Amino acid sequence: MTIPAHIAIIMDGNGRWAQARGLPRAAGHRAGVEALRKTVRNVGESGVKWLTLYAFSSENWSRPASEISDLMGLLKLFIRRDLADLHRNGVRVRMIGGRDTLEPDIRQLIDDAEALTRGNDVMNLVIAFNYGSRDEIVRAARHLAQLAAGRHLDPQSITPEMLSGALDTSDIPDPDLIIRTSGEQRLSNFLLWQAAYSEFVFLPCFWPDFDRSELDRALAVFAGRERRFGAVDARGAVS
C-alpha cells in the first residue's frame, strides 16, 4: 500500500464530542489531546515521516477567554508531559504560526522543544499553533516585497518556489494527504498554498474518536487515489 510521506490533520469536533455526552467543552479538548498522543504514535508506526496537526488557528482567539486558557494549558501540559517520550523515540518537534502574540512561557516551551529535538530524524511532528494560512502568505509576500523595495530582488524574478521558501513551511514537504474529522469539508485557512495537490479525506468521526482504525481507513482511501499532479494518466485522461 502506498504510504504518504506527509499527513496533515485538521483536528475538529472536540466541542461537539463533549456536547453529545453532556460534558463541558474543556472535557472534549482533554479527550482531543489523548487522541493526539495516540495519533502521533500510530502515524509513526505506519511509516509516515511528517505529521502536521492544526492545533489552534489564528481565528480561534475569538473564542471565550476560558476556552482559550484551557487550550493554552493543554499545549503546555502536552509539551511538558510528552516531550521526553517524543525525543526518546526520535521525533522532531516543530511549530508553524505566529509566535509574537503568545505568552512568554509558551514561546519558551516551544523554543525548548524545538531545540531539544532538532537532531531527531525518525519522524517530524509539526504543530500549527496560532496559525492561519492567509496570514502566512501575506507575511511571505511582505517579505519578498521588502526585498524588492530594497533592490535586493527583481519583482519579475519571483517564482512560486521563492514564495514557498518564504512561508513558515519553507523546509517542510507539502502534505500528500489532508484529513479532517467531524464531517466538515473545508480547509478553514489551513495550508492553502501547500495543499495545491494534496488528497483530501473527510471523516465523520469527531477528533477524540480518531483512532488507528480511522487512520487506516484514511490511508486506504489515499492508497486508492491516482495522483497525477496536472499530468495525464496511463489512458491519456487529463487530471
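Modeller: What follows is a set of questions and answers on this predicted model.

Biologist: Why is Asn 42 called buried?

Modeller: The cut-off for buried is under 20% relative accessible area. Asn 42 has 9% relative accessibility, so it counts as buried. Its place is in helix H2, residues 25-45. Leaving aside neighbours within four places in sequence, Asn 42 is in contact with Asp 211, Arg 212 and Leu 215.

Biologist: What makes the phi of Asn 130 worth a remark?

Modeller: Most residues other than glycine have a negative phi. Asn 130 is a residue other than glycine, and its phi is positive, near 55°. Asn 130 lies in strand E4, residues 123-131. With a relative accessible area of 8%, against a cut-off of under 20%, Asn 130 is therefore buried.

Biologist: Where is Asn 189 found, and is it buried or exposed?

Modeller: Asn 189 is found in the loop between strand E5 (177-180) and strand E6 (199-202). Its relative accessible area is 13%, which is under 20%, so Asn 189 is buried. The phi of Asn 189 is also positive, near 65°.

Biologist: How do you know that the span of helix H3 agrees with what its number of residues should give?

Modeller: Helix H3 takes in residues 65-88, 24 residues in number. The expected span is 1.5 Å times one less than that number, so H3 should span 34 Å; its end C-alpha atoms are 35 Å apart, which agrees.

Biologist: Where does H3 bend, and by how much?

Modeller: The bend is at Asp 82 and comes to about 50°. Just after H3, Gly 90 takes a positive phi of about 75°.

Biologist: Which residues of H3 are buried, and what covers them?

Modeller: The buried residues of H3 include Glu 67, Ile 68, Leu 71, Met 72, Phe 78, Asp 82 and Leu 86. Their cover includes H2, strand E2 (50-57), strand E3 (91-96), helix H4 (104-117) and E4.

Biologist: Why is Leu 71 counted among the buried residues?

Modeller: Leu 71, placed in helix H3, has a relative accessibility of 12%; this is under 20%, so Leu 71 counts as buried. Not counting residues up to four places away in sequence, Leu 71 touches His 29, Phe 56 and Arg 63. Leu 71 and Asn 130 are 59 residues apart in sequence and 11 Å apart in space, C-alpha to C-alpha.

Biologist: Why is E2 described as largely enclosed by the rest of the structure?

Modeller: Seven of the eight residues of E2 are buried, and E2 is therefore largely enclosed.

Biologist: How do you know that E2 pairs with E1 and with E4?

Modeller: Pairing requires at least two bridges between the strands. Five bridges join strand E1 (residues 6-10) to E2, and these two strands run parallel. His 6 has Trp 50 as its bridge partner in E2. Seven bridges join E2 to E4, again in parallel, and Leu 53 stands opposite Ile 127 in E4. Both counts meet the requirement of at least two, so both are pairings.

Biologist: How many bridges join E5 to E1 and to E6?

Modeller: Four bridges join E1 to E5, which run parallel; here Ile 7 stands opposite Leu 177 in E5. E5 and E6 pair in the parallel sense over four bridges, and the partner of Ile 179 in E6 is Val 201. From E5, Leu 177 and Ile 179 point one way and Ile 178 and Arg 180 the other way, and all are buried.

Biologist: What makes a set of residues a nonpolar core?

Modeller: The residues must be buried, belong to the nonpolar kinds, and be joined through side-chain atoms within 4.5 Å. The largest such core has 44 residues, and those with the most contacts inside it are Ile 7, Ile 9, Leu 51, Leu 53 and Leu 125. Its largest share, nine residues, comes from H3. Apart from this core lies another, of 13 residues, among them Ala 8, Val 126, Ile 178 and Leu 191.

Biologist: What is Leu 125 in contact with, leaving aside its neighbours within four places in sequence?

Modeller: The contacts of Leu 125 include Val 40, Leu 51, Leu 53, Phe 78, Leu 86 and Val 91.

Terms used
Residues numbered from 1 in each chain as written. Predicted model: local features only at pLDDT ≥ 70, side-chain atom pairs only at ≥ 80, totals over all residues. Heavy atoms only, no water. Buried < 20%, exposed > 50% of the residue type's maximum accessible area, 1.4 Å probe, protein only. Contact = heavy atoms within 4.5 Å. Bend = angle between axes of the 7 residues up to and from the residue.
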